[in-house]
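Please read these notes with the sequence and the model open side by side. Each point takes up one feature and asks you to find it for yourself.

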Amino acid sequence: MQIITKRIQSIDILRGVVMVIMALDHARSYTNHGYLFTDPTDLDTTTPFLFFTRWITHFCAPVFVFLAGTSAFLYGQKRSNKKQLSKFLFTRGLWLIFIELTVVNFSWTFDIGFSIHIFQVIWAIGLCMIILSVLIYLPYKLLIAIGFLLVIGHNALDDILFQGNDFSSILWYFVHQKSTVILDQGQSVLLVFYPVLPWIGLMVLGYCFGNLYKPGFNLQLRKMWLLYLGLISIMLFVILRYLNFYGDLHPWSVQKNSVYTFLSFMNTTKYPPSLLYLLMTIGPSLLFLRWIEVFKNRYTDAMVVIGRVPFFYYIIHLYIIHLIGIVGLLIQGVSWKEFILTPSRFTSGYLNNYGFDLWVTYLVWIGVVFFLYPICKKYMLYKKNNKDKWWLSYF
């Protein structure tokens, strides 16, 4: 017998919020001064406004991966057995990896030769889903233990560092070390931005978290769990970060003034996501879920729209922002070909001295979101009215 469940609006709202915020970071990458080649969290060159423009987008990937696990659990509630869920996770995982290495990679580079191979959030979600398709058969308590072990314990591996482009090194890059690998004498580049080990743990925990949203689960009990888990995560972040002894590859330090010292404190490691990075982002997100559960207005309705078609939104917004970036180059008198990112252009850093002020980035961001909203709404309604089309679940 199939279990029928309604969509959880608060989860869709949170997912929609992080998708909107994510567009800000990508708009910055293709419009702001320095483009893709500067680090907005570098305390020697950044400003507080630029730093927090980047920092707020840190919430996107962890929430996206965590809620992917939660959505997998809720999808399984609609199926009569775990075998159906396992098959869906495995096939969708393969699909996401394929899309990352083709459609998404092209959106970043516009290089028809596909000479730059970028492994980011979509590939990580895909591989995590494949692994989760096996792990779901384990007992629930063991799943929780595995999730916490990976999230908490992976920083113990920070000192294991590989170099070079041999097979064992590249394998380790995919597991736990961000790296850029030059291949074929500079003719191709491998960019591993999302080493997968901690992301597996986070998706597993997100899957277990889905139990709080099972049909019939007491609302007040769920809100209590969200409050406790959110506050504990934030407190652990503050305590562990202050002690500076474990949980992040880069300790904080006293800077030239109190503002920059605070920036150093908040500047946790995303690649791979440290324990402190995950505590810093998931904790407030759980509190947001608790707070937003009883809200309903036109703004939450708008976030629900985007939150229900996140993959569709993600793909389209990358192409639009890259095209806007090309227009920006032409305005500055730079050849549009500089945003066809081949290995030689990527490694040259030529665009490091070009770009626009941050206020332009914010205008582009707002414009892109407003442009995409009605398109997402039409697609959401199309999905809603065509539930018999099985392939829509992969988009």
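1. A salt bridge, as the term is used here, is a side-chain nitrogen of Lys or Arg within 4 Å of a carboxyl oxygen of Asp or Glu. The model is a predicted one, and by this rule it has 8 salt bridges. One of them links Asp 12 to Arg 15, with 3.1 Å between the closest N and O atoms. Where do Asp 12 and Arg 15 sit relative to each other in helix 1? They are 3 residues apart in that helix, which spans residues 9-31, so about one helical turn separates them. Asp 12 and Arg 15 are both buried.

2. Two further salt bridges can be read next to each other. Asp 248 and Arg 241 are joined through their side chains, with an N to O distance of 4.0 Å. Asp 248 is buried, and Arg 241 is buried as well. In the other pair, the side chains of Lys 296 and Asp 301 meet at 3.1 Å, N to O. Lys 296 is exposed, because its relative accessible area is 59% and exposed means over 50%. Asp 301 has a relative accessible area of 31% and is partly exposed. Salt bridges with shared partners also tie Asp 12, Arg 15 and Arg 308 into one network.

3. Next, the packing of two helices. Two packed helices are described by the angle between their axes and the distance between the axes. For helix 5 and helix 8 the angle is about 55° and the axes are 9 Å apart. Helix 5 and helix 8 are therefore oblique to each other, and their crossing is right-handed. On the side of helix 5, the contact is made by Ala 124, Ile 125, Cys 128, Met 129, Ile 131, Leu 132 and Leu 135. On the side of helix 8, it is made by Trp 199, Ile 200, Met 203, Val 204 and Tyr 207. How many residues of the contact of helix 5 with helix 8 are nonpolar, polar and charged? The division is 12 nonpolar, no polar and no charged.

4. Helix 7 covers residues 167-176. Which of its residues are buried? They are Ser 169, Ile 170, Trp 172, Tyr 173, Phe 174 and His 176. These buried residues pack against two helices, helix 5 (121-135) and helix 8 (197-209). They also pack against strand 1 (116-119), strand 2 (179-183) and strand 3 (188-192).

5. The backbone has some points to check. Most residues other than glycine have a negative phi, and most peptide bonds are trans. Phe 110 is not a glycine, yet its phi is positive, about 55°. Phe 110 is in the loop between helix 4 (82-109) and strand 1. Gln 185, also not a glycine, has a positive phi of about 55°, and its place is the loop between strand 2 and strand 3. Is each of them buried or exposed? Phe 110 is buried, with a relative accessible area of 13%, whereas Gln 185 is exposed, at 84%.

6. The bond runs from Tyr 271 to Pro 272, and its omega is near -10°. Pro 272 belongs to the loop between helix 10 (258-266) and helix 11 (275-292).

7. His 250 lies in the loop between helix 9 (219-243) and helix 10. His 250 is partly exposed, with a relative accessible area of 46%. Which residues does His 250 contact, leaving aside its neighbours within four places in sequence? They are Arg 241 and Thr 269. His 250 and Thr 269 are 19 residues apart in sequence, and their C-alpha atoms are 6.9 Å apart in space.

8. The last point concerns Arg 222, which is in helix 9. Arg 222 counts as buried because its relative accessibility is 9%, and buried means under 20%. Leaving aside neighbours within four places in sequence, Arg 222 is in contact with Leu 212, Tyr 213, Phe 217 and Glu 293.

How values were computed: Residues numbered from 1 in each chain as written. Predicted model: local features only at pLDDT ≥ 70, side-chain atom pairs only at ≥ 80, totals over all residues. Heavy atoms only, no water. Buried < 20%, exposed > 50% of the residue type's maximum accessible area, 1.4 Å probe, protein only. Helix = DSSP H or I, 4+ residues; strand = E, 2+ residues; numbered from the N terminus. Contact = heavy atoms within 4.5 Å. Axes fitted to C-alpha atoms, helices over the stretch in contact; angles between N-to-C directions. Parallel < 35°, antiparallel > 145°, perpendicular 65-115°, else oblique. Left-handed = near helix turned anticlockwise from the far one by under 90°. Nonpolar A, V, L, I, M, F, W, Y, C, P; charged D, E, K, R; others polar.
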